[in-house]
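Subject: Structure handover

Hi,

Here is the structure I said I'd pass on. Have a look at it first, and then read my notes below.

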Amino acid sequence: MRNDTTLVLAATGKSGRRVAARLRLRGTPVRAASRSSSTRFDWADPDGWDAVLEGVTAAYVVAPTVPGPVHEFVARAEAAGVRRLVLLSGRGADTWGDSAFGLDMRSAEDAVRGSALDWTVLRPSNFDQNFDEDLFHAPLVAGELALPAGAVPEPFIDLEDVADVAATVLTEPDGHAGKVYELSGPRALTFAEATELISRAAGTPVTYKQVSPAEYTAALVEQGWGEADAHHVAEMFVLMESGVIAETADGVTDVLGRAPRTFEDYAVRAAAAGAWQR
């Protein structure tokens, strides 16, 4: 007998843990799965997928870091009786052209959108939380953020909005099947402007420095990143500097009926939590 369980992949990650918490509050049975969860899911270990999919009605899917595995996952999901998939992809994925960035997300989109299941694709801009939970955090605490980003702005989005959208689409599927939602914050900021807002909210001097993609790649490698991973991140900035994803989008309002949270709201919350204390 089915139990209408919603599977959340990458459930210990930035978006997954937020989506899982929202689903639980809504009374939705959740199966939280990741490589470190009690329910283990590993993109490199397909032998364990069928057990994870048993009894699942809907799944929140975060693309793996390599192209390909989502095609097999979708086939397994169809065989298991899953009815709908919500995929976290990247902003404007179909406008990336021949960019080397995001082949993993584009492959995942092809798999999900080509399936017989009800599907929805979420394409958010860069997360606000990258500044306090991820790659940009340590440099900010050290006092200087150096990135290959200049005058082209980015409409950063709060992960709380992404999770609100995902939870809504998963639990209120009517009207969302076959939709691609481009998600962004309410206005675009340069990285220099975002850094200044963080500095002011935290009451701590932080500077922004623009570097070349090659310099940034070398810096990441020096920090212990693999060459391929470092180059992939640098390619994201090359794509952003092209301007193809610099505009704001209406996806948050379309799904939730409200405006997305501002970057200032995020900076105040994170600063109050001590994110950038030294």
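The sheet has seven strands, it is open, and its order is E3-E2-E1-E4-E5-E6-E8, with parallel pairing. Strand E3 (39–40) and strand E8 (179–183) sit at the edges with a single partner strand each, so one side of each has no neighbour in the sheet. Strand E2 (residues 30–34) pairs with E3 in the parallel sense over two bridges, and serine 34 is opposite arginine 40 in E3. Helix H6 (residues 159–171) packs on the sheet and touches strand E1 (5–9), strand E4 (56–62), strand E5 (84–88), strand E6 (118–124) and E8. The direction of H6 makes about 170° with that of E5.

A few ground rules. This is a predicted model, where local features need pLDDT of at least 70 and side-chain atom pairs count only at pLDDT 80 or more, while totals for chains, interfaces and linings use all residues. Residues are numbered from 1 along each chain as its sequence is written, and side-chain values use heavy atoms, leaving out hydrogens and water. Helices (H or I, at least four residues) and strands (E, at least two) are DSSP runs numbered from the N terminus; two strands pair if DSSP finds at least two bridges between them. Contact means heavy atoms within 4.5 Å. Axes are lines fitted to C-alpha atoms, for helices over the stretch in contact, with angles from 0 to 180 degrees between N-to-C directions.

Next, helix H9 (residues 227–241). Its buried residues (under 20% relative accessible area, 1.4 Å probe, protein chains only) include Ala230, Val233, Phe237 and Met240. Among what covers the buried residues of H9 are strand E7 (144–147), helix H7 (191–202) and helix H8 (213–222). Just after H9, glycine 243 has a positive phi of about 85°.

What about the nonpolar cores (sets of buried Ala, Val, Leu, Ile, Met, Phe, Trp, Tyr and Cys residues joined through side-chain atoms within 4.5 Å)? The largest has 60 residues, and Phe131, Phe237 and Phe263 have the most contacts inside it. H9 gives the largest share of this core, seven residues. Leaving aside neighbours within four places in sequence, phenylalanine 237 is in contact with Phe136, Leu147, Pro148, Ala149, Phe191 and Tyr216. A second, separate core of 26 residues includes Val8, Ala11, Ala163 and Val255.

Lastly, leucine 103 lies in helix H4 (residues 103–113). Leucine 103 and arginine 31 are 72 residues apart in sequence and 28 Å apart in space, C-alpha to C-alpha.

Cheers

Notes:
Buried < 20%, exposed > 50% of the residue type's maximum accessible area, 1.4 Å probe, protein only.
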